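Trainee: Can you walk me through this one? I would like to go piece by piece.
Mentor: Fine, ask as you go.

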Amino acid sequence: MTATDVPPTETEERPIGFGRLLRKEDPRFVRGMGLYVDDVQLPGMLHMAILRSPMAHARIVSIDTSAAEAHPKVLAVVTGETLEGLGLAWMPTLSNDVQAVLATDKVRFQGQEVAFVVAEDRYSARDAIELIDVEYEWLTPVVDVRTALAEGAPVIRTDLEGKTDNHVFDWETGDADATDAVFADADVVVSEEIVYPRVHPAPMETCGAVADMERVSGKLTLWTTSQAPHAHRTLYALVAGLPEHKIRVISPDIGGGFGGKVPIYPGYVCAIVGSIVTGKPVKWMEDRSENLISTGFARDYIMKTDIAASSDGTIRAVRVNVLADHGAFNGVASPTKYPAGFFGVFTGSYDIEAAHCSMTAVHTNKAPGGVAYACSFRITEAVYCIERIVDALSYELEMDPAELRLKNFIKPEQFPYTSKTGWVYDSGEYERAMRHAMELAGYDELRAEQAEKRERGELMGIGISFFTEAVGAGPRKDMDILGLGMADGCELRVHPTGKAVVRISVQSQGQGHETTFAQIVAEELGIPPEDIDVVHGDTDNTPFGLGTYGSRSTPVSGAAAALVSRKIRDKARIIASGMLEVSVADLEWTKGSFAVKGDPSQSVTIQDVAMRAHGAGDLPEGLEGGLDASVCYNPENLTYPFGAYICVVDVDPRTAEVKVRRFVAVDDCGTRINPMIIEGQVHGGLTDGVGMALMEMISFDEDGNCLSSSLMDYLIPTAMEVPDWETGHTVTPSPHHPIGAKGVGESATVGSPPAVVNAVVDALKPFGVRHADMPLTPSRVWDAMNGNAKPPI
Amino acid sequence: MQVTVTVNGTEQVRDVEPRMLLVHFLRDELGLTGTHWGCDTTNCGTCVVWVDDEPVKSCTTLAAMCSGHTVRTVEDLEQDGELDPVQQGFIECHGLQCGFCTPGMLMTARALLDRNTDPTEAEIREAISGQICRCTGYATIVRSIQWAAGQSAVSAMATTNGGQA
């Protein structure tokens, strides 16, 4: 436990600005008074349920809705044919593909939306979907991603004109020739096929919406589980042809998102249609199975990876070939120019000579998605790939994995560092973080203990992962989603009495924005955080911006909050100069007040200035009254948080069960706004990592049936499977971010899976195991121990 | 069918379908939306409430089964404007992020501390092992419950000493 983990005493001073501060949102949550989408109750509200495909690939022969329509409590039954008449059967995805709102021609994955019912209550809606009779003609599904491009493979996307295969895109980065040349000349080459299986963010709150189309004003209000309310509003305007000012998207309290609530799902569109058709508010909440089988999955990359090194352990080049499963529709939520997200940072934290990646993405008869589960736009895959292959190299070189990493890190003086794939890392002190983690873990003692245990036949493993992320998308010149630039707005109003309201474009799903954004303004203006209200998640009441995902809230919107505060401070300084009758240059700012240089007794507080700004009397010439400002922040670059993780596991040699005994995480996210919240985010991500490494996987049988459609089959860690986390930190501010903060929301989810897997593989070293794929369930570990390790897909 | 359930100390009489789940009875019939629904399969525990002082998962309990019984939900933890120590503990030790699993966790925590005033870390972890949190990684939940146990010990001492502690 580090100092910041220790709860403060009651007398401890609460910070005006950065520091440990209890969350402003908690008093409502502990009373059960949060307002989640399913808590929204409107007069006359109806309920919607969706009929989904039982098959992965089938032609729709006919749909008979007559029995459902005859149900006494049913008000509407809608099929794809109905939507086609309205021009709404298909909608754009976030990757410029299209996705069926309700299937018209055929179904393309199990769980795909086929029809919906609106009824008086939730139970009747569910009853009625059972009354819809759909006749399907079974088609051979494409389940095995490795055969998706084989000759004669069934074509999934027959809706796209001229489509004759299941190819989505090819993509490459780096220099193939330079990389091949280094490989030809290298002392050591290690190759592994590294699989990151399909997983699912599975937030505790599933997806849902309440749509209320007001007939007279024509205004649509949509309460919805969205991480990006503004982007959703614009997309609804484009999809449905509704005028944008007549759409209000409200993301109230959200029960976890993890990227799964970035896309627009067909259910949201159906709820809107349901409200238009019935003239009443319509609520839709998916159940857990619907959530697991139809909403945004994550990962599903097969990464053939080669690493070239000198015999002394100098890493020289990395080469990766990826086969990516994008499911039936390309619904990846990535910036337009980055079809593979930010996988290009696969060179990791190492200074190497050359790198190259080639990738092929394909369709299969599985749910769409691909960028979710706290992945920082595919950096999870990139970090797992490099950290796993570096460990395989350490195995081959018989070199300690910590020593190998320390030898190859990018050095502090090399920043800003341009990687071989063109990413400009802003700042880093990797060795310091690594050594801190080793110190906290007692690394040398752990290795001694391991040696001793190996003598006795006990299986103890120590796994290391060192990650660098690229977060805070992003600069408008490079990054947009469907043409919307990835900048974020912020508005700040200081009221006459010096209290303030800050309106932000990003939206919290548990990250604590109401606290941290108040702290950012407090740090800049000296107004106590409790005097600052943070408004978010409502498009009618916040400025435009692209939302919360990819750890972008602090890097982008946090910067906007700092800059808007500085704008206010600049104006306040002019007002203060008038109040104190000195020139602006003669004023000195200490947090919360301006004083005359050399005479601190002559001073005014920001609250005094606020009253003067709104009050009677003259202001300095040319100055408008009021103390409000707004900005739209366009980041200059991404920020590059990093961290060093060490995991200790024990593997039972008789049952192959893995127990995570310890986990040490040192994170460097630059300037730390609220250490308590940062550590909370890290803890959550570490748990994700243990889950993915040991138990989580969305799997399918050969007919494309999803075998992980409930929380009985899709296993998520409980308190019994995870240890008490040991956290530490270093601080390397971002040089281009106004407050030097880098973002941390996804760091641990990105960084921890390789630490756990590396620990298990390390434990299995006596069996000659150099690689084993996630999820490392007892049976898969057992297979690895017996020389039968096989990929999960 | 008619059910009579005493919820948070108030008798509630309603006509409901025999198949109505307790979680929907609480949320949709009584408007007690502090109890959440998360999975269908009794795995996640966001729906934990007390039935006759025992924590149960209300997503797999029928409202009809509770007729003639007492139910306590998260809305009843705060008494006379005073938060229960488990509620305060979750605030003090950052035992929640999105808040969705929190009501269920709080009800289990209160039940645990009513039976065991000084649980070990292992006992706390076991008590909440039927519940899933996707945000916190559990360590801060454990600390929150320990904090509450500590507070209860302090107030017990205060009572014993006639408030002089």
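Trainee: Which residue just after H6(A) takes a positive phi?
Mentor: A:Gly241 does, with phi at about 70 degrees. Keep in mind that this is a predicted model, where local features need pLDDT of at least 70, side-chain atom pairs count only at pLDDT 80 or more, and totals for chains, interfaces and linings use all residues. Residues are numbered from 1 along each chain as its sequence is written, while chains are lettered from A and ligands numbered from 1 in the order in which they are written.

Trainee: And what does H6(A) itself span?
Mentor: Helix H6 of chain A covers residues 229–240, and its 12 residues reach 16 Å from first C-alpha to last, close to the 16 Å expected at 1.5 Å a residue. The expected span is 1.5 Å times one less than the number of residues. Helices (H or I, at least four residues) and strands (E, at least two) are DSSP runs, numbered from the N terminus.

Trainee: Which residues of H6(A) are buried?
Mentor: Among them are A:Pro229, A:His230, A:Leu235 and A:Tyr236. Buried means that 20 or more other C-beta atoms lie within 10 Å of the residue's own; 12 or fewer is exposed, anything in between is partly exposed, and C-beta atoms are placed from the backbone.

Trainee: What do they pack against?
Mentor: The buried residues of H6(A) pack against four strands of chain A: S12 (219–224), S13 (247–250), S22 (480–481) and S23 (484–485). Contact here means C-beta atoms, placed from the backbone, within 7 Å. H6(A) also lies across S12 and S13 of chain A, at about 145 degrees to S13(A). For such angles, axes are lines fitted to C-alpha atoms, for helices over the stretch in contact, and the range is 0 to 180 degrees between N-to-C directions.

Trainee: What sheet do S12 and S13 of chain A belong to?
Mentor: An open sheet of seven strands with mixed pairing, in the order S3-S7-S1-S14-S11-S12-S13 of chain A. Strands count as paired if DSSP finds at least two bridges between them. S3 (74–79) and S13 of chain A are the edge strands, each with a single partner, so one side of each has no neighbour in the sheet. From one strand to the next, the twist averages 20 degrees.

Trainee: How do S11(A) and S12(A) run?
Mentor: They run antiparallel, joined by six bridges. In that pairing, A:Ala211 stands opposite A:Leu222 in S12(A).

Trainee: What about H7(A), where does that go?
Mentor: H7(A) lies across S1, S3, S7, S11, S12 and S14 of chain A, at about 30 degrees to S11(A).

Trainee: Back to the sheet. Is S1(A) buried or exposed?
Mentor: Seven of the seven residues of S1(A), 46–52, are buried, so the strand is largely enclosed by the rest of the structure. Both faces are covered, with A:Leu46, A:Met48, A:Ile50 and A:Arg52 buried on one side and A:His47, A:Ala49 and A:Leu51 buried on the other.

Trainee: Why two sets like that?
Mentor: In a regular strand, side chains alternate between the two faces of the sheet.

Trainee: Which strands pair with S1(A)?
Mentor: S14(A), residues 282–285, pairs with S1(A) in the parallel sense over two bridges, and A:Leu46 stands opposite A:Val282 there. S7(A), residues 113–119, pairs with S1(A) in the antiparallel sense over six bridges, with A:Ala49 opposite A:Val117.

Trainee: New topic. Where are the cis peptide bonds?
Mentor: One joins A:Phe415 and A:Pro416, with omega about -5 degrees. A:Pro416 is in the loop between H10 (401–408) and S19 (417–418) of chain A. Another runs from A:Ala473 to A:Gly474, with omega near -25 degrees.

Trainee: Which residue other than glycine has positive phi near 40 degrees?
Mentor: A:Ala202. A:Ala202 is buried, with 27 other C-beta atoms within 10 Å. A:Phe258, also not a glycine, has a positive phi of about 55 degrees.

Trainee: And chain B, how many helices and strands?
Mentor: Five helices and five strands. Of the 165 residues in chain B, 55% are buried.

Trainee: How many residues make the contact between the chains?
Mentor: Chain B gives 42 residues and chain A gives 44. On the chain B side, H2(B) supplies the largest share, four residues.

Technical notes: Contact = placed C-beta atoms within 7 Å.
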